[in-house]
Amino acid sequence: MNAMTDVSEVDVLGLWAATRPQRVRLYGRVVEAGLRFAFYGRVSTEGYQDPTSSRRWQFDFASELVAGHGRIVAEYFDVGYSREIAWNGRPEAARLLAAITDADRGFDAIVVGEYARAFYGSQATYLAPLLREHGVQLWLPEADGPVDLDNPTHQALLMLLGAQAKQEVQRARFRTTAAMQAQAREQGRHLGGRPPYGYRIVDAGPHFNRAHAAWGRRLHRLEPDPETAPWVRWIFARRLEGHSTASITRMLNETGVPCPSAADRKRNRHRPGVAWHLRTVAAILANPRYTGRQVWNRQQTNRRPTDDLVPGVAGRRKLTPSRQWASPTSQPTRPS
């Protein structure tokens, strides 16, 4: 330190607090500080959130929490993964799980910037036995330090934080679903997903929300695709003539008409795109969208807990009853 430095400008108490030996309690044992921390963080989406700034504030919160007790020596940060996903389903969280069981992991504790960024529901409780077994601490800002899993107050805190994280997801999902139902009914908007065969997505102007419009987001709608819409009309015409679904499928393949996954390879890379199938033609004939009626919520996702070590929620798509469909009062143009 420069001898000419004014003592009044030096935070003597801060320097003393940062350098004095610290002791923390780990599962009933008092251990010296100087801990090595692994930071874990997460951001849900890459398109609507800034991973750089999200990581920064989470890392800053974690760093502030462990200041004077040790330093962060490893980092695990998942981008584009929901908190509902089990830890094994998040690449960086899965890597952290594997590191916990490694005797040469290089860290003594895990620190997060916010509970809800790392855990959903009771995930932290499921992780606790593994941490206890390998002597790894868990530090949370909400606990103002290490979590003592033998402390009833900390146990209650984890239950409360888990319930809040779960409620936040459910509330956001309910609001989003309700808003999308209103947009489908009142505005006839295309709300995402692959356009039905015979249609294409076109620009419908700037987003009505000024903030989203400033970010460059646009509204979209469906209109008949000049290349594929004629084949939709052809399919319905053959059906009206009395041809079976199987015979229509055969005629399409014999004529060499590209099937839907071949006509739109960008959105159907997971499909072979080789030929028409009976189920494809049947789905087109059964889709109310081709009658000029735009429908939203024909399918819903049923969510159920997984059986992973640190479990999450997995979804399975299913058809919904027609009474739950959302349709606008004024319908857009159909490919006919």
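1. Two rings of Phe, Tyr or Trp (its six-membered ring) pair if their centres lie within 6.5 Å; planes under 30 degrees apart count as stacked, over 60 as edge-to-face and the rest as tilted. By that rule there are 9 aromatic pairs here, and ring pairs join Tyr40, Trp87, Tyr115 and Phe119 into a cluster.

2. Before going on: this is a predicted model, where local features need pLDDT of at least 70 and side-chain atom pairs count only at pLDDT 80 or more, while totals for chains, interfaces and linings use all residues. Residues are numbered from 1 along each chain as its sequence is written, and side-chain values use heavy atoms, leaving out hydrogens and water.

3. Have a look at tryptophan 87 and phenylalanine 119: their ring centres are 5.5 Å apart and their planes at 10°, so the pair is stacked. Tryptophan 87 sits in the loop between S4 and H3 and phenylalanine 119 in the loop between H4 and H5, so the pair ties together parts 32 residues apart in sequence. Buried means under 20% relative accessible area, exposed over 50%, partly exposed in between (1.4 Å probe, protein chains only). Tryptophan 87 is buried at 1%, and phenylalanine 119 is buried at 0%.

4. Phenylalanine 119 turns up again in the largest nonpolar core, of 31 residues, where Ile100, Phe107, Phe119 and Leu140 touch the most other members. Such a core is a set of buried Ala, Val, Leu, Ile, Met, Phe, Trp, Tyr and Cys residues joined through side-chain atoms within 4.5 Å. Apart from it lies another core, of 14 residues, including Trp276 and Tyr290.

Key
Helices (H or I, at least four residues) and strands (E, at least two) are DSSP runs, numbered from the N terminus.
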